[in-house]
Amino acid sequence: VLDRADEAHRRLEVMDAFVQGLVSVDARGDVTVWSDEAERLLGCSRHWALGQPLATAVPALARSPLPQALAEVLSSRQPRTLSRLTLTAGPVTRTLDVRLVPVAGGATLLWHDQTARRDEARAGRLALAAEAANDGLW
C-alpha cells in the first residue's frame, strides 16, 4: 500500500508524462496543478503559476477567450473546448486546443499543441499556390 506522499509523487510523474499540458484551477480560478508540458507550452514555470489566477500566470491569456470560457465552465459545470487558441509566449507563437473540464472544486484544462498541424497546413497551401501559379519562386 502506497502512503500519501508516494501516491502524490506517482500522480505527478504520470501527469508530467502526458503529451498534453495539464492545468487545474480551484473554484476561484487559481492554479493548483501545473504540469511540465503546460510549463513548456505556456512559457510559464510551475513555481510562478501555482496559486495565481490563470490570466496572471500567463498574461497573454487575459486577452483571449479563455478567461470567459473558464468562468462559464466553473459556473455551469459543463465541459467546453476552445479550438485554435493562439498564444504568444516570448518568441514562440503556438496554436492550442484547450479542453476545459469541470471537476470537484474547480476545473481541469487539457492543452493540446496544434502548432505543427497549423504550420503543415500553411506549408501545404503555399505549395499549392506555387504549383497553381505555374511559376518558380525566387
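Let us begin with Leu 109. Leaving aside residues up to four places away in sequence, Leu 109 touches Gly 21, Leu 22, Val 23, Val 25, Leu 54, Leu 66, Leu 70, Val 98, Arg 99 and Leu 100. Please keep in mind that we are looking at a predicted model.

To what larger group does this residue belong? Leu 109 is among the residues with the most contacts inside the largest nonpolar core, together with Val 23, Trp 34, Leu 42, Leu 54 and Trp 111. That core has 28 residues. Two or more residues each are given to this core by strands S1 (21-26), S2, S3, S4 and S5 (106-113), and by helices H2 (36-42), H4 (54-57) and H5 (66-76). Which element gives the most? Helix H5 does, with 5 residues.

Next, the strands. In general, the strands of a sheet pair through backbone hydrogen bonds, in either a parallel or an antiparallel manner. Here, an open sheet of 5 strands shows antiparallel pairing, in the order S2-S1-S5-S4-S3.

Within S4, Leu 96 is the bridge partner of Leu 85.

We now turn to the largest pocket, which holds about 160 Å³ of space. Its lining includes Arg 28, Gly 29, Pro 53, Leu 54, Leu 66 and Leu 70. Helices H4 and H5 are the elements that give two or more residues to this lining, and the largest share, 5 residues, comes from H5.

Finally, the chain as a whole. The protein chain contains 6 helices and 5 strands, and along the sequence these follow the pattern α-β-β-α-α-α-α-β-β-β-α. Of its 138 residues, 33% are buried. Among contacts between residues at least 6 apart in sequence, 37% join residues at least 24 apart.

Definitions and conventions. Residues numbered from 1 in each chain as written. Predicted model: local features only at pLDDT ≥ 70, side-chain atom pairs only at ≥ 80, totals over all residues. Heavy atoms only, no water. Pairing = 2+ DSSP bridges. Helix = DSSP H or I, 4+ residues; strand = E, 2+ residues; numbered from the N terminus. Core = buried A, V, L, I, M, F, W, Y, C linked by side-chain atoms within 4.5 Å. Buried < 20%, exposed > 50% of the residue type's maximum accessible area, 1.4 Å probe, protein only. Contact = heavy atoms within 4.5 Å. 1 Å grid on protein atoms, 1.4 Å probe; cavity = no way out; pocket = protein on both sides within 12 Å on 5 of 7 lines; lining within 4 Å. Points joined across faces, edges and corners; volume = space filled by probe spheres on them.
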